[in-house]
Amino acid sequence: MKHRVDLAPPGQLDISHEPGKPPILRVSGMPDIAATRDWIAEHRTAVRAELLRSGCLLLRGLAISSPEDFAAVRDELVERRASYKEKATPRSDYGADVFSSTDLPAAQEIKLHNENSYVLEFPGVLIFCCLTAPQQGGATTVGDMRQALLHIPPDLLGRFRAVGWTLSRSYGEFMSMPWRRAFGVVERSEVERYCRARLVGYEWRDDDHLRTDQRRPAIITHPVTGDEVWFNHCAFWNKWSLDAEVLEVLTDTYGADALPFDTSFGDGTPITRDEIAALNDAYARVTVRESWQPSDVLIVDNILVAHGREAFRGEREILVAMGEPVQLADCHPAVAPAPGPVRR
């Protein structure tokens, strides 16, 4: 049941809502970062209210030219910083909790997902900033997960509502990411303590290989707006979302039960190729995009809206920072989180 808060009206913000694009707020008269910070401080309440309404907002016309400028803008927009947990992709660290959005190859599309949907505390807000816009493509795509729920077949949605989903990961020196880097620790005992405290099943295998499973809800409720949303990495990390040739290589290299990432229903039942196709179709139906321009800032409510990335050509420098950490327990999860049974 929804229990909406009374959101402030848009007020003086002139926001454009065009089909196929995120909401865009064009700002003028920003000569430097000091003026930019002053503008954000003055309009922060209205900007955050719009974020709760639309789930994302692109600010265009700010004066941001460095990671330090972006960090200052982040600190005006959010009250608390958030950090990455159980890392999965390579990123460059600019300091002050500012990172590259991802260092994955330019030719690789990144499908929509909610950041850190598989951990017990995740960022409530993501902030992206463009320092260098690519020559072609490279938009940070976004999609409303309230709407995604409406496009998932009811019987499939009902199964996920009842049992949730399970994430299975393999960590090793030559697969995905080494566990020391992913968890930010040195000793095995530190990983074990982390996993026990955060409801992650784990098993050590040969060659310093770590295997984990964790069951999580596929559907949660936004703790402020009361909106129910599709919130997970289920399709994003499922084997059927991979290119067929990539899947064949990974299976031949690691075996079907030791892929770097895979997902299943929360009761361990495999998800079929057709079911993953239905989920990816729901994402596609709600995806919107806007090409980056230098100094653009895209603010995303990480619960209401998922994000991804188009493939691109040319140099691209997009920064990201996170804030307002949220506890899964505060989101009325449809399924209680639990350590999944590690597959053998």
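Predicted model: local features only at pLDDT ≥ 70, side-chain atom pairs only at ≥ 80, totals over all residues.
1. Now for the charged pairs. Side chains of opposite charge can pair when their charged atoms come close. The structure holds 22 salt bridges. One of them joins Glu324 and Arg48, with the closest N and O atoms 3.0 Å apart. Glu324 sits in strand β20 (residues 317-327) and Arg48 in helix α1 (residues 33-54), so this pair ties together parts that are 276 residues apart in sequence. Are the two partners buried or exposed? Glu324 counts as buried because its relative accessibility is 15%, under the 20% cut-off, while Arg48 is partly exposed at 21%.

2. Have a look at Arg188 and Asp208 too, a salt bridge whose closest N and O atoms are 3.1 Å apart. The pair links distant parts of the chain, 20 residues apart: Arg188 is in helix α6 (residues 188-197), and Asp208 is in the loop between β11 (201-205) and β12 (209-216). Arg188 is partly exposed at 34% relative accessibility, and Asp208 is partly exposed at 27%.

3. Salt bridges can also be joined up: Glu18, Lys21, Arg60, Glu290 and Asp296 are linked in a network of them.

4. Finally, the surface. Asp243, Glu245, Glu248 and Asp252 form a negative patch there. Asp243 lies in the loop between β14 (228-230) and α7 (244-254), and is partly exposed, with a relative accessible area of 46%.

Note on methods. Residues numbered from 1 in each chain as written. Heavy atoms only, no water. Patch = residues over 30% accessible without salt bridge, like charges linked within 9 Å, V, L, I, M, F, W, Y side chains within 5 Å. Areas by Shrake-Rupley, 256 points an atom, 1.4 Å probe, with all protein chains shown as cover. Salt bridge = Lys/Arg side-chain N within 4 Å of Asp/Glu carboxyl O. Lys, Arg positive; Asp, Glu negative; His and termini not counted. Charge placed at Lys NZ, Arg CZ, Asp CG, Glu CD. Helix = DSSP H or I, 4+ residues; strand = E, 2+ residues; numbered from the N terminus. Buried < 20%, exposed > 50% of the residue type's maximum accessible area, 1.4 Å probe, protein only.
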